[in-house]
Amino acid sequence: MKDVFEKALALHKELKGKLNVELKAPLESKEDLSLVYSPGVAEPCRAIADDKEAVYDYTWKGNSVAVISDGSAVLGLGNIGPEAALPVMEGKCCLFKRFGEVNAIPLVLDTQDTEEIIKTVKLLAPGLGGINLEDISSPRCIEIETRLKEELDIPVFHDDQHGTTIVVIAGLINALTLVGKKWEDLTVVMSGLGAAGSSILRMLNKLGVANIYGFRSTGILNKKDKDSYTNPLYKELAEETNKDAEDLTLEEAMAKADVFIGVSVPNKITADMVRSMKKDPIIFALANPDPEIDYDVAKEAGARVMGTGRSDYPNQVNNVLAFPGLFKGALSVHSSAISEEMKLAAAQAIADIIPDEEIREDYVIPSPFDPKVPDAVAKAVAQVAIDQGLARKKN
């Protein structure tokens, strides 16, 4: 691992940034200059002044997003500030371009004030086709995304929440096919109820999961105790979990579970807990770099399907499967938003990359490098945007 860090540091120093701005139009003569800039540029300006929607026809808005962070929750590094977050935002923009053919701009903000972030993003929005919020601490990230979705007419997406959700749901779709279980029959135990955990939980509810036990660091969520929670997110989630208001330990809940999903801390569950689960247990242990239970330990204890966030194990939950194609599809039809139905369509499209007859215990999630993924996701997402009346593109 040390070798990887040393090589990455050398690469970043050599490149001094992983992105460039490149010209699409020739600029070699006076005639070129008159078309690209003055006086010719005045004509598209007039066209847009007459019809703001024409900005999609005459500028890069229709295929450009901003990757925006305040540096408050960067990877596993924590609150390291905007400058230190910039290499990650540049990297995210590289993924947008490589996997979705989407132009992305890294923007780091020197504020962690919720209202200032919302105001700044709104001021930037006219020149962008979409907003990808990144590495903003919970629960502020949820409020920021919610407000921006309400107040802007372009897609706003917090990838730490919903990208993870989309890929987890895709993996579960195929895992359930493998083990022959249905959403409505499942009991799910979740460890970690921040940005990603809360989003996964809500999608599971939308899919009709029978019961979800949600655990934070201090124990199970219980609607009987919700008035004591200082975190407003926990108050909301308490109403959506633990339907019978049971006071259970994590060990007790695991004995009732078909599925465990962890977005929390390493070594949270044990081999004995896996052994206690119902037949054909499914585990997605996503703490990075060390999961809630080691892959080999979980498999030896009887996990039928095991997924992690790591690339050195099968069934990697990697957000790059989701966000490039998701934005590509939304931008292609000038969608005004990214809806829950668009996210679910993205998950189904990812799952469908693997035909039913090819689903295996170690292959319920396709590779991030499978070239079919981005276009399949984009096509599915665009169609839902059209069906829901969110698309503004006329042809």
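Two strands count as paired when DSSP finds at least two bridges between them. The model shown in these views is predicted.

**View 1. Strands E9 and E10 run side by side in parallel.** The two strands are joined by 4 bridges. Across this pairing, Ala-285 has Thr-308 in E10 as its bridge partner. The chain gets from E9 to E10 by way of helix H13, residues 295-300. This β-α-β crossover is right-handed.

**View 2. Strands E8 and E9 also form a parallel pair.** Here, too, 4 bridges link the strands. Ile-261 sits opposite Phe-284 in E9.

**View 3. Strand E9 sends buried side chains both ways.** Ile-282 and Phe-284 point in one direction. Ile-283 and Ala-285 point in the other. All four are buried.

**View 4. The whole sheet is open and has 6 strands.** Their order is E7-E6-E5-E8-E9-E10, and the pairing is mixed. Strand E7 (219-220) and strand E10 (305-308) are the edges, each pairing on one side only.

View 5. Phe-215 stands across from Ile-220 in E7.

**View 6. Helices H8 and H9 lie against strands of the sheet.** Helix H8 (residues 159-179) lies across strand E8 (259-262), strand E9 (282-285) and E10. It runs at about 160° to E9. Helix H9 (residues 195-206) touches strand E5 (187-191), E6 and E8. The direction of H9 makes about 170° with that of E5.

Methods:
Residues are numbered from 1 along each chain as its sequence is written. This is a predicted model: local features need pLDDT of at least 70, side-chain atom pairs count only at pLDDT 80 or more; totals for chains, interfaces and linings use all residues. Side-chain values use heavy atoms; hydrogens and water are left out. Contact means heavy atoms within 4.5 Å. Axes are lines fitted to C-alpha atoms, for helices over the stretch in contact, and angles run from 0 to 180 degrees between N-to-C directions. Buried means under 20% relative accessible area, exposed over 50%, partly exposed in between (1.4 Å probe, protein chains only). A crossover is right-handed if, with the strands pointing away from the viewer, the path from the first strand over the helix to the second runs clockwise.
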